[in-house]
Amino acid sequence: KVLAAGNILLRCCWIVLEFRVVPVVGPLIIAVLQSFAPMIGMFAFMGMMFVTFAFTFLTMKDDNRSITYVLLNLYQALFLTDSDGAESISGMDIGHQQTLDFGAEMYTGGGNSWLLTATTACMLFATSSFSLVLLNLTIGMYTKFYEMQEPLARLGFQQCRARISVMFMLRPALPASFLAKIGAAGYTASAARWAVSILALPFFLLSLLVVFVLEPAYHAYDAHDHMH
């Protein structure tokens, strides 16, 4: 399932990129993609700041919490401004809301008041830096770069269409002898390509059948067999 989901994700992204040659959405996609290039420096700076705060909270984490737990909650707190993520790795829950909801505090600091105070101060500084400064600055910079790239997107659109056209023209064709036989039989080259695609369709459907039907049924039968 993971491999199938990954393949579907990559295929869908590839299909979206192929829409760069469509007049309606092509210039928009090109402008969006080209606006990311000038932002690399800003993204690198945000990454460095995230690593800085990550090491800080990993140093003060509870002993029973994993590194992944801290990083995921820190990401939610800094990039998504999620209060639950902030309260799960710091002493921000001064009202003990988690105790009322879950019956336990997600972060205890080992009962050390210094740790609770330090993590609260660090979390306030970290969330303020990301939410009020870095994220807003990133939005403003990206908006500026997008406005700069939008007039050039039409030229990039024409270049992309020309590049894709050349790529299709240089793709390997069906063997000339095969096309000659098809032509002698009264079929065109386009009909021959469609015939090859139709012949390949059963193999594609068979692969989908194996991944989404036969394999889950096999695992269900195997689990049922183990139960008995």
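In the predicted model, the protein contains 10 helices and zero strands, so that, because helices and strands are here taken as DSSP runs, the order of elements read along the sequence is α-α-α-α-α-α-α-α-α-α. Of the 228 residues of the protein, 23% count as buried. When contacts in the protein between residues at least 6 apart in sequence are considered, 61% of them join residues at least 24 apart.

Two helix pairs illustrate how these elements are arranged. Two packed helices are described by the angle between their axes and the distance between the axes. For α3, which spans residues 40–59, and helix α7, which spans residues 113–149, the axes come within 11 Å and cross at roughly 170°. Since angles over 145 degrees count as roughly antiparallel, α3 is described as roughly antiparallel to α7. On the side of α3, the residues that take part are M42, F43, F45, M46, M49, F50, F53, T56 and F57, and they meet T119, C122, M123, F125, A126, F130, L134, L135, L137, T138 and M141 in α7. By class, this contact of α3 with α7 comprises 17 nonpolar and three polar residues, with no charged residues.

The second pair has another geometry, in that the axes of helix α2 (residues 26–34) and helix α8 (residues 153–169) come within 8 Å and cross at roughly 105°. Because this angle lies in the range of 65 to 115 degrees, α2 is roughly perpendicular to α8. The contact is formed by G26, P27, I30 and A31 in α2, which meet A153, R154, G156, F157 and C160 in α8. The residues of the contact of α2 with α8 divide by class into six nonpolar, two polar and one charged.

R20 has its place in the loop between α1 and α2, and, with a relative accessible area of 21%, R20 is partly exposed. Although R20 and Q158 are 138 residues apart in sequence, they are 9.7 Å apart in space, C-alpha to C-alpha. With its neighbours within four places in sequence left aside, R20 is in contact with G26, I29, I30, L33, F157, C160 and R163. Among these contacts of R20, G26, I30, F157 and C160 also belong to the residues through which α2 and α8 meet.

M60 and L116 are separated by 56 residues in sequence, and their C-alpha atoms are 9.1 Å apart in space. Beyond its neighbours within four places in sequence, M60 is in contact with Y107, L115, A118, T119 and C122; of these, T119 and C122 are also among the α7 residues that meet α3.

Most residues other than glycine have a negative phi. T81, however, which is found in the loop between α4 (67–79) and α5 (83–88), has a phi near 50°, a positive value. H96, which is found in the loop between α5 and α6 (97–102), likewise has a positive phi, near 55°, and at 47% relative accessibility H96 counts as partly exposed.

The empty spaces of the model were examined as well. Rolling a probe the size of a water molecule over the atoms shows where empty space is left. A search of the whole structure finds one cavity of 30 Å³ or more, and the volume of the largest cavity is about 30 Å³. The largest cavity is lined by F57, K61, D62, R65, Y69, V70, S88, I89 and Y107, a lining made up by class of five nonpolar, one polar and three charged residues. Of these lining residues, F57 also takes part in the contact of α3 with α7, and Y107 is also in contact with M60.

The second largest pocket has a volume of about 230 Å³, and its lining consists of A4, N7, I8, R11, F204, S207, L208, V211 and F212. The elements that give two or more residues to this lining are α1 (2–18) and α10 (189–227), and the largest share, five residues, comes from α10. By class, the lining of the second largest pocket has six nonpolar residues, two polar residues and one charged residue.

Definitions and conventions:
Residues are numbered from 1 along each chain as its sequence is written. This is a predicted model: local features need pLDDT of at least 70, side-chain atom pairs count only at pLDDT 80 or more; totals for chains, interfaces and linings use all residues. Side-chain values use heavy atoms; hydrogens and water are left out. Helices (H or I, at least four residues) and strands (E, at least two) are DSSP runs, numbered from the N terminus. Buried means under 20% relative accessible area, exposed over 50%, partly exposed in between (1.4 Å probe, protein chains only). On a 1 Å grid over the protein atoms alone, a cavity is a set of points where a 1.4 Å probe fits but cannot get out, and a pocket is an open set with protein on both sides within 12 Å along at least five of seven lines; lining residues have an atom within 4 Å of a point. Grid points are joined across faces, edges and corners, and a volume is the space filled by probe spheres set on the points. Ala, Val, Leu, Ile, Met, Phe, Trp, Tyr, Cys and Pro count as nonpolar, Asp, Glu, Lys and Arg as charged, and the others, Gly among them, as polar. Axes are lines fitted to C-alpha atoms, for helices over the stretch in contact, and angles run from 0 to 180 degrees between N-to-C directions. Angles under 35 degrees count as roughly parallel, over 145 as roughly antiparallel, 65 to 115 as roughly perpendicular and the rest as oblique. Contact means heavy atoms within 4.5 Å.
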